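Please work through each task with the coordinates open before reading its solution.

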Amino acid sequence: MTNPEAQQQAQQSVSEAEPQAESQDRSEEARSAEEAQATERLERAVRAAEQALIEFEIAVETFRVEVENFSRLHHQRLGPMYSRLDELDALIAEAVAQRTGDPEDLRRAREARGLVQPMPGVEELFHGWLDSEGLSPEATAMLTEKPVQPPPRVRPSEEARRIYRELARKAHPDLAEEEAERERRGAFIVRVNAAYAAGDVETLRALAEEWAAGPPPPERRASRSEELYARLEWLAERKEMLAAVAAELESSAIGAMIKMAPEDPDGLLDEIAEQLLTQVSEKEARLAELAR
């Protein structure tokens with residue numbers, strides 16, 4: 001037979017344990033809810049940091065292309081003027097040294113002449129112009145004294161910029177979690193960057209269609225808190241590296257010029273050209289005086 005007293009004690013123990021179990025269940029649910037909220041906050045922070053990084057990368061790449069293109073135009077339009085100024089400085093210094101015979105003037109003349117870019121030799125002049133079919137059109141034009149076609153102006157249009165930004169935001173490798181997807185996106189963005197740098201709107205449109213028809217980006221999988229923290233740290237390091245690149249571009253001579261006239265860099269080139277022409281005229285007048 002069952003001992004009534006023992007049975008009563010067992011029932012009392014069960015009654016006392018039930019509230020404790022319920023309390024533990026509620027505590028575990030609360031902890032799970034808190035962890036889920038913390039993970040959700042981390043995910044939001046990671047997504048915000050990813051988008052901010054992509055926008056920053058777009059800005060840096062856009063400015064890099066502008067610096068590269070403006071540098072090309074600057075060299076094309078103003079390079080001959082700078083060369084002429086160097087030549088005039090050398091001629092003036094040599095004329096002064098010839099008049100005075102002073103050792104210091106002779107030293108200045110040698111230094112000025114050393115700054116003048118030497119005329120390239122025949123091999124250098126034709127380097128890259130010879131192919132299996134003979135001279136290139138540019139070389140032929142120069143040899144026949146016909147006008148040489150200047151290098152094409154490469155400045156991405158507004159349409160090219162719009163498509164580039166859209167593609168960068170959609171296909172950027174930093175949005176991928178899997179390595180294979182990151183590599184696929186990276187290869188695609190390389191093609192996008194090349195088309196944008198060349199100002200090739202048609203290729204950019206074709207790339208936009210290709211991306212739209214391709215596999216959709218993978219679904220974002222649930223991430224552990226440790227992975228999210230590591231992701232935030234990587235994004236911060238990447239942004240720091242890009243900030244250094246941007247600072248280097250902005251501190252360059254060409255970057256500083258673009259910052260002076262971001263809306264009208266061609267107008268800035270015209271202004272500099274006028275100043276250089278004035279300097280050329282002044283130096284030519286000075287040389288003419290020395291030649292008398």
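**Exercise 1. Describe the protein as a whole, beginning with the sequence separation of its contacts.**

Step 1. In this predicted model, contacts with a separation of 6 or more are taken as the reference set, and 74% of them are accounted for by residues 24 or more positions apart.

**Exercise 2. Characterise the second largest pocket: how much space lies in it, and which elements give two or more residues to its lining?**

Step 1. The space in the second largest pocket is about 310 Å³.

Step 2. The elements that each give two or more residues to the lining of this pocket are H1, helix H5 (158-171), H6 and helix H8 (225-251), and of the contributors H1 gives the most, with 6 residues.

Step 3. The lining consists of 19 residues, and those nearest the centre of the pocket are Glu57, Glu61, His172, Asn193 and Arg238.

Step 4. Sorting the lining residues by type gives 11 nonpolar, 3 polar and 5 charged.

**Exercise 3. Decide whether Thr62 is buried or exposed, and list what it touches beyond its sequence neighbours.**

Step 1. Thr62 is found in helix H1, which spans residues 4-100.

Step 2. The relative accessible area of Thr62 is 7%, and because the cut-off for buried is under 20%, Thr62 is classed as buried.

Step 3. Once residues up to four places away in sequence are set aside, Thr62 touches Tyr164 and Tyr196.

**Exercise 4. Carry out the corresponding analysis for Glu181: in which helix is it found, and which side chain does its own side chain join in a polar contact?**

Step 1. Glu181 is found in helix H6, made up of residues 179-197.

Step 2. With a relative accessible area of 12%, Glu181 is buried, since buried requires a value under 20%.

Step 3. The side chain of Glu181 is joined to that of Arg184 by a polar contact of 3.0 Å, a value that lies within the 3.5 Å cut-off applied to pairs of N or O atoms.

Key
Residues are numbered from 1 along each chain as its sequence is written. This is a predicted model: local features need pLDDT of at least 70, side-chain atom pairs count only at pLDDT 80 or more; totals for chains, interfaces and linings use all residues. Side-chain values use heavy atoms; hydrogens and water are left out. Helices (H or I, at least four residues) and strands (E, at least two) are DSSP runs, numbered from the N terminus. Buried means under 20% relative accessible area, exposed over 50%, partly exposed in between (1.4 Å probe, protein chains only). A polar contact is a pair of N or O atoms within 3.5 Å; within protein, one must be able to donate a hydrogen and the other to accept it, and residues adjacent in sequence count only if both atoms are side-chain atoms. Contact means heavy atoms within 4.5 Å. On a 1 Å grid over the protein atoms alone, a cavity is a set of points where a 1.4 Å probe fits but cannot get out, and a pocket is an open set with protein on both sides within 12 Å along at least five of seven lines; lining residues have an atom within 4 Å of a point. Grid points are joined across faces, edges and corners, and a volume is the space filled by probe spheres set on the points. Ala, Val, Leu, Ile, Met, Phe, Trp, Tyr, Cys and Pro count as nonpolar, Asp, Glu, Lys and Arg as charged, and the others, Gly among them, as polar.
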